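Grab a pencil and open the viewer. Below are a few exercises, each with a solution worked step by step.

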Amino acid sequence: MAGQFGGTPIYILREGSRRTAGRDAQRSNIMAAKAVSGAVRTTLGPKGMDKMLVDTLGDVVITNDGVTILKEMDIEHPAAKMMVEIAKTQDQEVGDGTTTAVVLAGELLKQAEGLLEEEIHPTVIAAGYRAAAEKSMEILKGLAVIASAEDEDLLRKIAVTAMTGKGSQSARDELAVMAVEAVRSVVDEDGTVDTDNITVEKKVGGGITDSVLVRGVVIDKERLQPSMPKSVTDARIALINAAVEIEKTEIDAKIQITSPNQLQAFLDQEETTLKGMVDNIVASGANVLFVQKGIDDLAQHFLARAGIYTVRRVKKSDMEKLARATGGKVITSIHDIDKDDLGRAGLVEERKVSDEKMTFVEGCENPKSVSIILRGGTEHVVDELDRAMEDALRVVGVALEDKLLVPGGGAPEVDLALRLRAFASTVGGREQLAIESFADAMEIIPKTLAENAGLDQIDSLMALRSAHETGMKNSGLNMETGEPVDMLKQGVLEPIRVKTQAINSATEAAVMILRIDDVIASKSGPGGMGEMPGGMGGMGGEDFE
């Protein structure tokens, strides 16, 4: 990048830096974003295909989950990376609709490309897109139906919709029932749902239908010693965040022993202290012990003799889940243990699941933390099952929080397109063209659904448009026949947040990419983006020659 000053060129970028400006920069960015969108587009919907991703180590991931595909892809182009961020945001906020968000962003940019060719300024397109997105939120609220937390059937349909097209297709009804029961168990008093309180364990072996919901917590650890009881009914559980061992002094200490009697007395004192700790636990009435830290060998012996089922080095997150499930308290001192701090469970048992021993804490009265064990024939099946279950848990949680649902199957997108075109004519000016382009972009979802199902996308879209024009606002695409059907009656439902988040993040990303008219890529290495002298960031200071 150089300018002329009195016939002398002035270099302000380090040699090797690249700069793309104006329409070239926009064209390059739009092309990259469209390429990312195209990569995941074939995975959309119940008939979507899967992708096989192989990393540098040869590890294989087979999935049709949009965000997983984009995370696994080694993407370099900066505009393409922005598309990945859309998927990540959608995944964090809602858990489902990641492919929808990316496909929408790609189509918004494709439509904008046509407007740029007609010499419409990117700022005008951005203003039109933002106005259309705002209007879309209003239209979606009009389409929404209220979901009751008590309506188990409705929640199950949401879970089934989220899992349709994933690897769990064959057992989705049973898995949906599990997902709904799990989410309803962990709802907090204020109505919020934290799906982190649902432990999902993946175990290879058996079939998908062998998956189970445990009304309690499953810990991926076995009992400490074989001499301890293998199962405990009517469990009274102590949860201790402290070591059951003699604490070492904080500073180096030296103990001088001059006779065998003194050594024996020292060892006896250590034994008495450890026995005192175990006696405290026994006195509280506990018959099961979960310890976050270590347990001395001698203490293990005393615990086994007392018949206490013991697990050590339990993760902090698992301790919190145990407390929520059993109603116990995590205590930090063994000396303060009290029977009121103990948690309760119907059964604590060590079981072997797929060659691994695990501790099951179940039969809890009102568990605010539950576990799901997913089974499948191969590791790839179990991994995809886990992704499907994660989506189902998140959308059911979001539905319980927002209590608003919209029909699926492309119905909201076709209705949005219809109403946005009507809205565009009231706006007028050049922004009207941008709003109409936004409306056209919305139709990429039903078109893609039809295409992935092997249907004629034009015929299917025309049929849907016709149904919506006659007031059938819940009409979506029947994937088998290509005919418009009422999605509410079919039970194809999604939380409203899936759509609002997808539209908002797609719009924001498209607008951001459109507003870039200059791409300056610094030379890597010393003096590049990472190590610029003089604090000049990526510009490399002024290099006069």
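Two strands pair if DSSP finds at least two bridges between them. Helices (H or I, at least four residues) and strands (E, at least two) are DSSP runs, numbered from the N terminus. A note before you start: this is a predicted model, where local features need pLDDT of at least 70 and side-chain atom pairs count only at pLDDT 80 or more, while totals for chains, interfaces and linings use all residues. Residues are numbered from 1 along each chain as its sequence is written, and side-chain values use heavy atoms, with hydrogens and water left out.

**Exercise 1. Find the strands that pair with strand 16, and say which way they run.**

Step 1: Start with strand 7 (residues 198-204), which is joined to strand 16 by 7 bridges and runs parallel to it. Here V200 has I372 as its bridge partner.

Step 2: Now take strand 8 (residues 212-214), where 3 bridges make an antiparallel pairing with strand 16. V212 is partnered with I373.

**Exercise 2. Search the whole structure for aromatic pairs and classify what turns up.**

Step 1: Rings of Phe, Tyr and Trp (its six-membered ring) pair if their centres lie within 6.5 Å; planes under 30 degrees apart are stacked, over 60 edge-to-face, and the rest tilted.

Step 2: The search gives 1 aromatic pair. The ring centres of Y129 and F438 are 5.7 Å apart and the planes meet at 70°, so this pair is edge-to-face.

Step 3: Y129 sits in helix 5 (residues 122-143) and F438 in helix 13 (residues 429-442), so the pair ties together parts 309 residues apart in sequence.

**Exercise 3. Which residues lie over the faces of F302 and F360?**

Step 1: The rule is that a charge sits over a ring if NZ of Lys or CZ of Arg is within 6 Å of the ring centre and within 35 degrees of the ring normal.

Step 2: K275 lies over F302, 5.9 Å from the ring centre. R351 does this for F360, at 4.4 Å.

**Exercise 4. Examine the backbone at D234 and K403.**

Step 1: Most residues other than glycine have a negative phi.

Step 2: D234 isn't a glycine, yet its phi is positive, near 50°. D234 belongs to strand 10 (residues 231-240) and is partly exposed, at 45% relative accessible area.

Step 3: K403 isn't a glycine either, and has a positive phi of about 60°. K403 is in the loop between helix 11 (379-402) and strand 17 (404-407), and is partly exposed at 36%.

Terms used: Buried means under 20% relative accessible area, exposed over 50%, partly exposed in between (1.4 Å probe, protein chains only).
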